[in-house]
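Here are my notes on this one, written for someone who will have the model open alongside. Have a look first, then work through the points below.

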Amino acid sequence: MEKNQSPEKPYWLTVRLLPGEVQKLKKLLAQSAHCRNLSELVRTILFKQELTIKKRNASLDELKSEIVKVKGELRSIGVNINQITHYFNGHPDPTEKRYFARKILPLYKKVGQKTEQLMVMVSQLSKL
């Protein structure tokens, strides 16, 4: 047995291809979910086995990045709310507590807006 031959596949088949054909095969290989090399890809195509192709949905990628952005904004709002709550609980003076209560109200409104924005994005996901 030769050095390059494996016991499972002892026969070699040599095929000559044009550069464009090789590029098409390499493109298919890059998109393939299960084939690890060109030989595997060609066997899959040759014996008409099912070929699984990975595809990316560009609109889904955009939506994911928007969701990540809103998540970060919500996290920073939450940190601000926690800081104000800490100050609120630390001060016994009622006038200072009113100040912190007024300061925290717009943050809760932002949370409501961001939550509505997320709900719109989730509904867009369900349509895809």
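1. Start with E73 and K114: they form a salt bridge, their closest N and O atoms being 2.4 Å apart. (Salt bridge here means a side-chain nitrogen of Lys or Arg within 4 Å of a carboxyl oxygen of Asp or Glu.) Because E73 lies in helix α3 and K114 in helix α4, the pair ties together parts that are 41 residues apart in sequence. E73 is partly exposed at 23% relative accessibility, while K114 counts as buried at 19%. (Buried is under 20% relative accessible area, exposed is over 50%, and partly exposed is in between, with a 1.4 Å probe and protein chains only.)

2. A word on where this comes from: it's a predicted model, with local features needing pLDDT of at least 70 and side-chain atom pairs counting only at pLDDT 80 or more, whereas totals for chains, interfaces and linings use all residues. Residues are numbered from 1 along each chain as its sequence is written, and side-chain values use heavy atoms, leaving out hydrogens and water.

3. How many salt bridges are there by this rule? The count is two. R36 and E40 also meet through their side chains in a salt bridge, at 3.2 Å from N to O. R36 is exposed, with 71% relative accessibility.

4. Now the core. I77, I81, I84, F100, I104 and L107 make up the largest nonpolar core, six residues in all. (That is a set of buried Ala, Val, Leu, Ile, Met, Phe, Trp, Tyr and Cys residues joined through side-chain atoms within 4.5 Å.) Helices α3 (58-90) and α4 (94-127) each supply at least two residues of this core. (Helices are DSSP runs of H or I, at least four residues, numbered from the N terminus.) Setting aside residues up to four places away in sequence, L107 touches I77, N80, I81 and I84, where contact means heavy atoms within 4.5 Å.

5. Check the loop between α1 (19-31) and α2, where S32 sits. S32 is buried, at 5% relative accessible area. Its side chain reaches the backbone nitrogen of C35 at 3.1 Å, and a polar atom of the S32 side chain lies 3.4 Å from the backbone nitrogen of H34.

6. A33 is in the loop between α1 and α2 as well, but A33 is partly exposed at 37% relative accessibility. Leaving aside neighbours within four places in sequence, A33 is in contact with T52 and K54.

Key: A polar contact is a pair of N or O atoms within 3.5 Å; within protein, one must be able to donate a hydrogen and the other to accept it, and residues adjacent in sequence count only if both atoms are side-chain atoms.
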